[in-house]
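Here is my notebook from a first look around.

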Amino acid sequence: MLKKLAIALLTVCTLGITNTQGQKNKTFHPKEVWNDTEGNPINAHGGGILYHKGTYYWYGEYKVGRTILPADATWERYRTDVTGVSCYSSKDLLNWKFEGVALKAITEDSESDIHPTQVLERPKVIYNKKTGKFVMWMHIDSPDYSKAEAGVAIADAPTGPFTYLTGFRPNNCMSRDQTLFVDDDGTAYQFSSSEENQTMHINRLTEDYTQTDGTYVRRFIGMAREAPAVFKHGKKYYMLSSGCTGWDPNSAQIAVADSIMGEWTVLGDPCTGPDAEKTFYGQSTHVIPIQGKKNAYIACFDMWKKKDLQDSRYIWLPMIPNKQTDGFTIPWHEEWNLNIFKKK
Ligand code: DGJ
C-alpha cells in the first residue's frame with residue numbers, strides 16, 4: 001500500500017515537473033531572453049561549446065549582480081564581479097540544462113586571479129584525449145585590464161568542478177580576448193588578442209593543453225581583431241572575429257587559412273541583413289560545427305548590455321558556406337531552427 005502511494009506521489013511530482021517546465025524550445029530567437037530547462041535565463045556569456053560523447057556543453061561567464069563603472073575608469077570598462085564559469089548541457093542545441101558553476105570564483109584569496117574583484121572573460125573548454133582531462137582557458141585580467149593574461153583550469157568531468165591552475169602571459173605576451181581550437185591531429189592552439197589587442201597571436205599548446213609550448217605566430221598584424229572563433233571546414237581553417245570597440249558592436253570579419261599557423265586571408269564581413277554592419281548588435285564568441293550534419297555551423301554572438309551585463313543576450317545564427325568565395329554568409333533570422341541545414 002505504502003509502496004503504491006509512493007509511486008503515485010512520484011508520478012504526480014514528475015508530471016508536475018514536466019507540465020511546468022515542459023515547454024521545449026523549438027526554434028532559436030536571437031536577442032530574446034533564452035531560458036534553460038528550469039525556466040531561468042541562460043547565463044553563459046563570452047562562451048564556448050564543447051561536444052563530448054553525444055552532448056553539447058556550453059561554458060560561459062556567469063554574470064550575476066550589479067554592473068558598475070569603476071570610479072577611476074577612463075574608458076567604459078563596465079564590470080560585474082567574477083562569480084565563475086557556468087556550464088549548461090544539451091543534446092539538441094535548443095534546450096539547455098544548467099549544470100552549475102563549473103569553475104567558481106575564489107573568494108577566500110584576495111590575490112587570486114579569479115577573485116570576485118578581478119576580470120574573467122571568454123572561457124573555452126577542450127578535451128584532452130591523452131590525459132582524459134577537460135581543460136579550460138580564459139582571459140583573466142585586473143579590473144583596469146592591464147594584466148592581460150590567460151588562466152587555465154582543469155577537470156575530470158565536462159561539468160566540472162574545474163580546479164584553477166595558473167595565470168600567465170602566453171609566450172610572455174599580452175593575452176586578452178581568446179579562444180581555443182583543437183586540430184584533427186589533436187594539437188591545440190590558443191588564439192589571443194595580443195600587443196594591446198592590435199595583433200592576434202596563435203599559440204601552440206603543450207600536449208596536455210595546460211601551457212603554451214613556445215611556438216607561436218603573429219597574425220592579423222595591427223588589425224585590432226577581438227572575439228576570435230575558430231573552426232575547420234573541409235581542409236581550411238576559418239576565424240570569425242570582431243573589431244575592437246569595448247562592449248559596443250562593430251563589423252564582423254571572417255578570414256581563411258590553409259594551415260593554422262600559416263598565412264590568413266581576410267574574406268570580409270559575412271553578415272547579411274538588417275544591422276549586418278554592426279553584427280546585428282552582437283560580438284562573436286564561438287562557431288559550433290553541428291554534429292551529424294554536413295556543412296552546418298552555428299555562429300554564436302553575445303549581444304552585450306554594457307550597463308546591465310547579466311542581461312546580455314545571445315545571437316545564434318546559421319552559417320552558410322559560400323562556394324564562390326570560399327567563405328561563409330551569416331544571414332539574419334528572427335526565428336529559425338536546424339531544419340535550415342540540408343540533411344546529411
Ligand atoms: C570587448 C571584449 O571582446 C569583451 O570580452 C570585453 O573584454 C570588453 N571588450 C570589455 O570592454
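Before anything else, a word on terms: I take strands as DSSP runs of E, at least two residues long, numbered from the N terminus. I also kept in mind that this is a predicted model.

**Entry 1**

I looked up the second largest cavity, and its volume is about 40 Å³. Its lining is made up of Ala-44, Gly-47, Ile-49, Trp-58, Thr-285, Cys-300, Phe-301, Asp-302, Tyr-314 and Trp-316. Which elements give two or more residues to this lining? I found β1, β19 (297-303) and β20 (313-322). The largest share, three residues, comes from β19. Sorted by class, the lining of this second largest cavity holds seven nonpolar residues, two polar ones and one charged one.

**Entry 1: the largest cavity**

Next I turned to the largest cavity, with a volume of about 120 Å³. I noted 17 lining residues, and the closest to the cavity's centre are Lys-63, Thr-80, Val-82, Val-119 and Leu-120. Which strand gives the most to this lining? That is β5 (residues 119-128), with three residues. By class I wrote down eight nonpolar, four polar and five charged residues for the largest cavity.

**Entry 2: a four-stranded sheet**

Then I traced a sheet. It is open, has four strands in the order β1-β2-β3-β4, and its pairing is antiparallel. Which strands sit at the edges? They are β1 (45-52) and β4 (97-104), each of which pairs on one side only. From one strand to the next, the twist averages 25°.

My last stop was Thr-74, which I found in the loop between β2 (55-61) and β3 (84-90). Is Thr-74 buried or exposed? I call Thr-74 exposed because its relative accessible area is 75%, and the cut-off for exposed is over 50%. I then checked Thr-74 against Asp-144: the two are 70 residues apart in sequence, and their C-alpha atoms are 9.2 Å apart in space.

Conventions
Residues are numbered from 1 along each chain as its sequence is written. This is a predicted model: local features need pLDDT of at least 70, side-chain atom pairs count only at pLDDT 80 or more; totals for chains, interfaces and linings use all residues. Side-chain values use heavy atoms; hydrogens and water are left out. Buried means under 20% relative accessible area, exposed over 50%, partly exposed in between (1.4 Å probe, protein chains only). Two strands pair if DSSP finds at least two bridges between them. Axes are lines fitted to C-alpha atoms, for helices over the stretch in contact, and angles run from 0 to 180 degrees between N-to-C directions. On a 1 Å grid over the protein atoms alone, a cavity is a set of points where a 1.4 Å probe fits but cannot get out, and a pocket is an open set with protein on both sides within 12 Å along at least five of seven lines; lining residues have an atom within 4 Å of a point. Grid points are joined across faces, edges and corners, and a volume is the space filled by probe spheres set on the points. Ala, Val, Leu, Ile, Met, Phe, Trp, Tyr, Cys and Pro count as nonpolar, Asp, Glu, Lys and Arg as charged, and the others, Gly among them, as polar.
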